[in-house]
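Open your viewer and get ready to hop from one selection to the next.

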Amino acid sequence: MTHPLPTPFIGPAAWLGRDIAAREADWLIDLTPVQIRELETAAAHYLSQGRDVGEITAGTFPLPTFATHLKNLSRTLLQGCGFEVLRGLPVATYTQETAATIFCGIGAHLGHARSQNAAGHSLGHVRNIGVDANDPTTRIYQTAERQTFHTDSADVVGLLCLREAQIGGMSLLVSAQTIANRMAAQRPDLLALLFDPIATDRRGEIPDGAEPFMRIPVLNWHTGNLTVFYQRQYIESAQRFADAPRLTDRHIEALDLFDSLANDPDLHVSMQLQPGDMQFVYNHSQLHDRTAFTDWPDPDKRRHLLRLWLSMPNDRALPDVFAERYGSIEIGNRGGIITKQTTLNAPLD
């Protein structure tokens, strides 16, 4: 079997870590005082109406000038390098409700918020809650452990840093196209195996009538796009299910090479998100990671990020197999974790 890709990829999403780190000004955008005031004004107006943060839309969160930048950000995510960081939001001066309102308001201009767990949380909280990382039902973002490179179950993932860790917690990104380029050059036989159905554990968040795992290939070639779907820990824990497709030694070798390339400092870029930073990443072309961290002893200082999963209008088509995770694969109305108990809500803490 040969891989189906027209490698090498040469577009803006096929970046090298060392190159894009040298072009930081292209993706690290400092908010201006005028932009910050516009965001604060929109948030104050929205909250004055007594409305729930989870109900924000672009229409109810007007941004007369900053909306133009967010349209450009959408193009960056879908057609450009696949990520951007907005820096400078003074979150230390805000209530958590105001910070969440600004973040969700920006998200509403980019797409529609999706559920991040079976409880229907459209606003997620990324922090260490002390659960066991080795428990096969644990979501890794709820620990202080290294996450490893992975994708989330939505078109775009957004993070707003409220507080950073005492030590560590670096954010890392890598291009799936760049990994594919290297694998095609080094081991095309292993690259081809990543297009096979591979079981990924649902970690107990199972839609009605579904299996406790998904059978989505790591790499998918569809309508001229390479789409990645990957979480190595969840692939390994899916092997606990007797009905899950077995990983062969060759599949494991392919996954090991994929991980090795993602972890190559020449390929990925790393950054320390500061309080007030908002990072947006296009899940279908990029993988993200977070290093292990040590938290502050004081609970009020501990690392805390808000998270959004967004479904984007004008996005790429996805292969039918993504319905195993997304339910609907309708553009602009897909992604997230939906079970029969799911009701969307945006918890502020």
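Which residue forms a salt bridge with Arg 18? Select Asp 266: the closest N and O atoms of the two are 2.4 Å apart. (A salt bridge is a side-chain nitrogen of Lys or Arg within 4 Å of a carboxyl oxygen of Asp or Glu.) Arg 18 sits in helix H1 (residues 17-22) and Asp 266 in the loop between H9 and strand S12 (269-271), so the pair ties together parts 248 residues apart in sequence. Helices (H or I, at least four residues) and strands (E, at least two) are DSSP runs, numbered from the N terminus.

A word on the source: this is a predicted model, where local features need pLDDT of at least 70, side-chain atom pairs count only at pLDDT 80 or more, and totals for chains, interfaces and linings use all residues. Residues are numbered from 1 along each chain as its sequence is written, and side-chain values use heavy atoms, with hydrogens and water left out.

The whole structure holds 17 salt bridges.

Next, select Glu 253 and Arg 187, another salt bridge, with closest N and O atoms 3.2 Å apart. Glu 253 belongs to helix H9, while Arg 187 is in the loop between H6 and helix H7 (188-193), so this pair joins parts 66 residues apart in sequence.

Last stop: pick Glu 236 and Arg 232, a salt bridge with closest N and O atoms 3.2 Å apart. Both are in helix H8 (residues 232-237), four residues apart, and are therefore separated by about one helical turn.
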